[in-house]
Amino acid sequence: MAEARRDYYEVLGVARDAGEAAIKDAFRRLALQYHPDRNKAPEAEERFKEIAEAYAVLSDPRKRADYDARGFAGVAGFSPEDLVSGLDFGDLFGDLGFGFDRGSSLFERLFGRGARGRAGPRPGEDLQVELTVSLDRVSQGGKETLRLSRPVACPACHGTRAKAGTSPRACASCGGTGQRVASRDQAGVHFRQITTCPTCAGSGKVIDEPCPECGGRGEVTRAEALEITVPPGVEEGTALRLAGRGLPGAEPGAPPGDLYAVVRLAHDPRFERDGADLWRTETIPVPEAVLGTRIDVPTLEGTVELVIPAGTQPGAVLRLRGKGLPRLGGGRRGDLDVRIQVRVPEAATADERALYEQLRRLGARRGRRRST
């Protein structure tokens, strides 16, 4: 059974007569929502691919005209990889820090090596570290310094493992294959036994003069201080990419992998985060809950005065609109929600007890008047 495909306009949620700006805005909003560095749901990658394919067609006037005229048959000559290979994700995502481009291993994972547009040795493995940021940094965005130690290709031998001025030679024992093959015939049956070459340990190469700088390992450990851009409103668990800062490639000349800094939110005693909204608890005495009051409440932008109405109940939530965090990619800021707790004295003084007794009697009288 053929796989059902959704109409490209439906995928982006735009009208068929939508203009270029509306299509770009719709793609950017959905792509941020389903970007695999942000959304860890199992279906996020497939949804992102669908969104990217739809945008690739509808943002190209010729492809869009062919699609409008003939449907999917109009773009049947293009694979999904062909369609997205021309997109400039860096331009579309701006400086949000995702670094999703044709040179990334994430792009290769989603759309295949053919879409990557780069031949040559296989890149090194990606590296993942955690980056702890404060709420204030999330609110403002900006630069953070990431300090780490990681292996890099040896600058003296450039990863060849051989002393500068020399080169590895093909292993004479295995002819450079890294394997030894032994054959024998027994009872009319031909046997072939393949084993790893013990001379070169399977590499196919022999190094007569190892590099003294790295001891023949081809890599050295380097301490680095990397500057990374944190976009305003960045969410917990978002992976920010630094291209080419991962592990070195296994082969000489292979590019390194990428470094992904996973954002973790530092504890802030003032607030709890819920998306773009912030929560805070304020405790007031009983009289202030009854009579109303004004209190100073901290926000990310300074202290503001909060009016607590008379008769505020325990657990009531008062909202300071726009005093939360910015939303990733733009839009209205979140709110600061203040939960009110009422403090009841654990050990009232004699004077306080007398007043509370009087209040109880007044409350009882009011209740009797209501019942009559």
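Before you click, one cut-off to keep in mind: a residue counts as buried under 20% relative accessible area, exposed over 50%, and partly exposed in between. Keep in mind, too, that this is a predicted model.

Start by selecting the three strands of the open sheet, which has the order β1-β9-β8 and mixed pairing. β1 (127-133) and β8 (239-242) sit at the edges with a single partner strand each, so one side of each has no neighbour in the sheet. Look at the twist as well: from one strand to the next it averages 30 degrees.

Pick Thr132, and you'll find its bridge partner in β9 is Arg264.

Stay on Arg264 and show side chains. Arg264 makes a salt bridge with Glu130, with the closest N and O atoms 3.4 Å apart. Arg264 belongs to strand β9 and Glu130 to strand β1, so this pair ties together parts 134 residues apart in sequence. Arg264 has a relative accessible area of 28%, so it's partly exposed, whereas Glu130, at 54%, is exposed.

Next, jump to Asp268 and Arg270, another salt bridge, at 2.8 Å between the closest N and O atoms. Here Asp268 is buried at 11%, while Arg270 is partly exposed at 27%.

Then select Glu50 and Arg6, whose side chains meet in a salt bridge (3.2 Å, N to O). Glu50 is in helix α3 (residues 44-58) and Arg6 in the segment before α1 (8-12), so the pair links parts 44 residues apart in sequence.

Last stop: Arg319, Arg321, Arg332, Asp335 and Asp337, linked in a network of salt bridges.

How values were computed: Residues are numbered from 1 along each chain as its sequence is written. This is a predicted model: local features need pLDDT of at least 70, side-chain atom pairs count only at pLDDT 80 or more; totals for chains, interfaces and linings use all residues. Side-chain values use heavy atoms; hydrogens and water are left out. Two strands pair if DSSP finds at least two bridges between them. Helices (H or I, at least four residues) and strands (E, at least two) are DSSP runs, numbered from the N terminus. Axes are lines fitted to C-alpha atoms, for helices over the stretch in contact, and angles run from 0 to 180 degrees between N-to-C directions. A salt bridge is a side-chain nitrogen of Lys or Arg within 4 Å of a carboxyl oxygen of Asp or Glu. Buried means under 20% relative accessible area, exposed over 50%, partly exposed in between (1.4 Å probe, protein chains only).
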